[in-house]
Amino acid sequence: MNMQTKLTQLLNIKYPIIQAPMFLVSNVAMVTEAMNAGIAGCIPALNYRTLEELRAALKQLKANKPEGGSFGFNLIVNKSNVKYKGQLEVICEEGCDFIITSLGSPEETIKQAHKAGIKVFCDVVDLKFAKKVEGLGADAAIAVNNEAGGHRGNMTPEELTGLLSKELSIPVISAGGVGCKADIDKMLSYGAEGVSVGSPFIASIEAGVTDEYKQACVDYGADDIVMTERISGTPCTVINTPYVQKIGTKQTWLESVLNKNRKLKKWVKMIRFSIGMKATEKAAKKATYKTVWVAGPSIEHTKEILPVKDIVAKLTT
């Protein structure tokens, strides 16, 4: 597999694949290996507690970047991320190849990033929002379908990618449902110019999570993925561990009542986001019975813990 698409041209990479940004999982080592293997890599800015740590990661990735490599950062651009403006400023100051925006309007990000020569790809789940980000000047739309891990869309890969590729003039990158080369071929056949792949990289040697989390991606499969409202206030896919079964997947009755109040709704989401992220961090960073492991159904193809370069080889041969 050595194909040129609009995505490979945009990012100057060998394969039309982005190693998706994953909260707590993605790190400099993973993205460095991704670039060395001929794909792009991306890290959530929220993986760094301080702006100084974010700046250090940017500097390290620039130093590690091979000729023909490409890396980016993911920004949560809604009000739940109080660090957003500072993160955007640091990224634009230091520079990277692209930014992926999620969960909010990308208008300010596009404006500032383009001034710094950084491309912006926007997560979208429907045509209405995709048209909006195209109008704002996005360089590509990431079509988050109903097979994505974490926060996902409602449309199938074929429906969403097919629709957007026909209606948009910017490239469409399909996100969700890719665990092997056949899946990539399928997404490209729907009209995608590339794919964003996350869950298969959780079980990588370089991933910054516990061996228990990595092994769970090997031991569990597509049928073990469930949707929960208990992490961020927005439905999110997780592995259906005994702990997830115990606490349930629906929001509490109090959250349900408060979410119906227009004035209180955003604050409830911010509190749930904070609580959920802390629980996810504990499960990712240390062994605990309170295991909340985010993943998508594409872990079905994960059979062992491997280096990133071997996972890329499996996706491209």
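Here are some notes on the fold, its helix packing and a few individual residues.

1. **Ground rules.** This is a predicted model, where local features need pLDDT of at least 70, side-chain atom pairs count only at pLDDT 80 or more, and totals for chains, interfaces and linings use all residues. Residues are numbered from 1 along each chain as its sequence is written, and side-chain values use heavy atoms, with hydrogens and water left out.

2. **Overall picture.** The chain holds 13 helices and 10 strands. Helices (H or I, at least four residues) and strands (E, at least two) are DSSP runs, numbered from the N terminus. Of the 317 residues, 51% count as buried; buried means under 20% relative accessible area, exposed over 50%, and partly exposed in between (1.4 Å probe, protein chains only). Take the contacts between residues at least 6 apart in sequence: 61% of them join residues at least 24 apart. A contact here means heavy atoms within 4.5 Å.

3. **H2 against H3.** Two packed helices are described by the angle between their axes and the distance between the axes. For helix H2 (residues 28-36) and H3, the axes come within 10 Å and cross at roughly 25 degrees. That makes H2 roughly parallel to H3. The axes are lines fitted to C-alpha atoms, for helices over the stretch in contact, and angles run from 0 to 180 degrees between N-to-C directions. Angles under 35 degrees count as roughly parallel, over 145 as roughly antiparallel, 65 to 115 as roughly perpendicular, and the rest as oblique. The crossing of H2 and H3 is right-handed; a crossing gets that label if the near helix is turned clockwise from the far one by less than a right angle, and left-handed if anticlockwise.

4. **What sits between H2 and H3.** On the H2 side you have Val28, Val31, Thr32 and Met35, which meet Ala57, Gln60, Leu61 and Asn64 in H3. The residues of this H2 and H3 contact split into 5 nonpolar, 3 polar and no charged. For the bookkeeping, Ala, Val, Leu, Ile, Met, Phe, Trp, Tyr, Cys and Pro count as nonpolar, Asp, Glu, Lys and Arg as charged, and the others, Gly among them, as polar.

5. **H3 against H4.** Helix H3 (residues 51-64) also packs on helix H4 (residues 84-94), at an angle of about 30 degrees with the axes 10 Å apart. That makes H3 roughly parallel to H4, and their crossing is right-handed. From H3, Leu51, Leu54, Arg55, Leu58, Lys59 and Lys62 meet Gly86, Gln87, Val90, Ile91, Glu93 and Glu94 in H4. The residues of that contact divide into 5 nonpolar, 2 polar and 5 charged.

6. **More on H4.** Which residues of H4 are buried? They are Tyr84, Gln87, Leu88, Val90, Ile91, Cys92 and Glu94. The buried residues of H4 pack against H3, strand S3 (71-76), S4 and H5. Just after H4, Gly95 takes a positive phi of about 90 degrees.

7. Worth a glance: Asn12 has a positive phi of about 55 degrees although it is not a glycine, and Asn12 is in the loop between helix H1 (6-11) and S1. Leu103 likewise has a positive phi, of about 60 degrees. Leu103 is in the loop between strand S4 (98-102) and helix H5 (107-115), and at 36% relative accessibility Leu103 counts as partly exposed.

8. Beyond four places in sequence, Gln19 touches residues including Met30, Val31, Ala40, Val197 and Val308. Leu7, in helix H1, is buried too, with a relative accessible area of 1%. Contacts of Leu7, leaving aside neighbours within four places in sequence, include Ile13, Phe121, Ile173 and Val195. Leu7 and Ala40 are 33 residues apart in sequence and 9.9 Å apart in space, C-alpha to C-alpha.

9. **Ser189.** Ser189 lies in helix H8 (residues 181-189) and is exposed, with a relative accessible area of 57%. C-alpha to C-alpha, Ser189 and Thr161 are 9.6 Å apart in space and 28 residues apart in sequence.
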